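Subject: Two-chain model, handover and findings

Dear colleague,

Please find below the structure that I promised to pass on to you.

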Amino acid sequence: MTIALSQFDEVRLDRVSRDFGALNALRDVSLTIRRREFIALLGPSGCGKSTTLNCIAGLLPVTGGAIWLDKNRVDTLRPEERGFGMVFQNYALFPHLNVRQNIGFGLKMRGRSKAEIDRKVDEALSLVRLQGQENKLPGQLSGGQQQRVAIARAIVIEPPLVLMDEPLSNLDAKLRLEMRAEIRRIHNELGATTIYVTHDQDEALSLADRIVVLRDGVVRQVGTPKELYEGPAHLDVADFMGFRNKLKGQVLSSEGSRVVLDVEGTHISGIARERLTAGSKAYVAIRPDDLEVGEQGPNSLAVTVDTIEYRGREFVGTAHTAGGLDVVFRSHEAVEPGSSVHLHADDQRVLVFAEPIQGRS
Amino acid sequence: MDAIASATPVEHGPSLRQRLAARGFDAVTLLVVPAVIFILLLFVYPFAFGFILSFEPKAGGWLANYQRFFSDSYLYDTIANTLWLAVPTTLVNLLLAVPIAFRVRLMRHQRLLTTILVLPITLGTVLVAEGLLNYLGPQGWFNRTLMTIGLISQPLKLVHNYWGVFASLVITGFPFTFLLTLSYVTGIDPALEQAGATLGANAWQRFRYIYLPLLMPGFAITFCLSFVQAFSVFPSAVLLGEPAGITRVISIAAYQAAFEEYDYSMASAVAMIMGFVQLAIVVAVLAARGLFYRGPATGAKG
């Protein structure tokens, strides 16, 4: 392997901000990315994840803070001086150049010799498994092949950092799974350092070493997929991690992390993820997977079933409480729509969050 | 198709209407009829009429008009004179339009600037020519300012010669060239330039290796359309130029044949020669355009 990515110890974002006029797209984002890490920036659209990536790439100037590559400040450099590889959402392949010329573009701009370009391009082609396609124009390739060209083009310049901006969002579901595995394989084979932007939590959970959840231009939580999946720190992070049931209630008692809530007259106990005081409003967050049809008893909600969907191994249903709260649950047996059932959640699987402050926190 | 047709016997094939629709002819096709009539009456018929008329000279054989044109330097020089005006002004317009279009593409108040730049089109060539006559004349503001600040001692001769017509063609031709260029430049996905930048291409390299090859076909079309406009220059060549000398363009020769000699046959022949020269240049440019990539200028299928 002669594609040897230039090495460094860490990339550090130090209170990076970006304003678009009056709008703060990013506010004081601080983040350290270590060598060989695969970092996913996760968040809903408009949360600032692509802005962060464009600031790192140099396509958008930062309006505050600094970006460091080890001891070198890079946010003042032009994108062509940073040398970070970038994979764009729409691939941005040069339509007039064939696959070989597209991949070799960065090396040609660096004035490398023809022999070296040919050798490295060949290697990149085999890394992304596109041998035999090198003389085609991008328009003659399928979406997945275009994606591979885009990745090869970004890594062949041996960048210290590979930036990927929702690279799979234009692909169909099956190809997306395939390319997801490819991206991780290439990352591992090269020992690359990758920052990957996505709004798909499955992608982030399966690919990343660490996930950065962004919302409204602010970092909400940073952690490994396991940490985020099991212990989201805020209600909006929980929402992203699949806690689809969010039920508002009032805190009855709170001892350490044990908290009991009154949700429409039912007592639900769970684990507090934020500081709560008795009497305050709070949200109970439960995954559909953890809400099962069961007996009346503690931690059980009485609901009326609205719909029930067959999903192969199990059923997924929607229901509402007497007070009009909507819930999603799973069931091993079909439940009749319109019937009344009790949904039970294990108190170890119930997370309780403080009511989010309206507007930006 | 044949295999299916023979496997399942069909009692009667698709109706005439279905077969026509499959070839793209349906009721909507009728909407082009008015345009076809218009073109036949106002373009094809006059053109054919002029073409035939040019072979019916007042005196001599059927090629007499053409023989006269190409044996009289006073006549055949007009081709060179016109080319000498039309080609440089078209190139200057294109070279001016490209950097401005690149800048305007990034601007927020694009519409205001576009409106200002397009104004000369709406004014018409005669008004611009009259304006330039005063402005660039020996007693005009331009020369007086230069003399006042002492840059020159004698007024520059800028009208009634080549440069007067040149300036007029640039001013009236620029907006058109610019608008076309702008539409081609903004048609290129900005992500391509960003991709180029992240791959290490500096501004010049991005222009040279990404924008220019993608823009060449558009530039060729822009060149052709601007050139044809400039080639048919008439009012400014008369008003601002030296219509008996260096700016005796081919349309003046046609005008003189028709309305001074009353030889419509000769005038038609000049017009045919004019058309042929334009066609030759346009065909040459478009053929060169075939050498470049001509597909969509975006990075992906979308």
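Predicted model: local features only at pLDDT ≥ 70, side-chain atom pairs only at ≥ 80, totals over all residues.

**The sheet in chain A**

Strand β4 (residues 64-69) of chain A pairs with β5(A) in the antiparallel sense over two bridges, where two strands are taken to pair if DSSP finds at least two bridges between them, and where helices (H or I, at least four residues) and strands (E, at least two) are DSSP runs numbered from the N terminus. Within this pair, L69(A) stands opposite N72(A) in β5(A).

Residues are numbered from 1 along each chain as its sequence is written, and chains are lettered from A and ligands numbered from 1 in the order in which they are written.

The pair belongs to an open sheet of four strands in chain A, ordered β2-β1-β4-β5 with antiparallel pairing, and its edge strands, each pairing on one side only, are β2 (23-34) and β5 (72-73) of chain A. Helix α1 (residues 49-57) of chain A packs on the sheet, touching β1 (10-20), β2 and β4 of chain A, and its direction makes about 65° with that of β2(A); axes here are lines fitted to C-alpha atoms, for helices over the stretch in contact, and angles run from 0 to 180 degrees between N-to-C directions. The antiparallel strands β1(A) and β2(A) are joined by eight bridges, with R18(A) standing opposite L26(A) in β2(A), and in their hairpin, which has two residues between the strands, G21(A) takes a positive phi near 60°.

Chain A has nine helices and 20 strands, and its C-alpha trace spans about 75 × 45 × 35 Å along its principal axes. Of its 361 residues, 43% are buried, that is, they have 20 or more other C-beta atoms within 10 Å of their own, whereas 12 or fewer counts as exposed and anything in between as partly exposed, with C-beta atoms placed from the backbone.

Leaving aside neighbours within four places in sequence, the residues in contact with L163(A) include L53(A), I56(A), F84(A) and I195(A), contact meaning that the C-beta atoms, placed from the backbone, lie within 7 Å.

R180(A), in helix α6 (residues 173-190) of chain A, counts as partly exposed because it has 19 C-beta neighbours inside 10 Å. Not counting residues up to four places away in sequence, R180(A) touches L168(A), E203(A), S206(A) and L207(A).

**Where the chains meet**

In the interface, 23 residues of chain B are in contact with 26 residues of chain A. On the chain B side, the elements giving two or more residues are α10 (190-198) and α11 (203-231) of chain B, and α10(B) provides the largest share, six residues.

Best regards

Technical notes: Contact = placed C-beta atoms within 7 Å.
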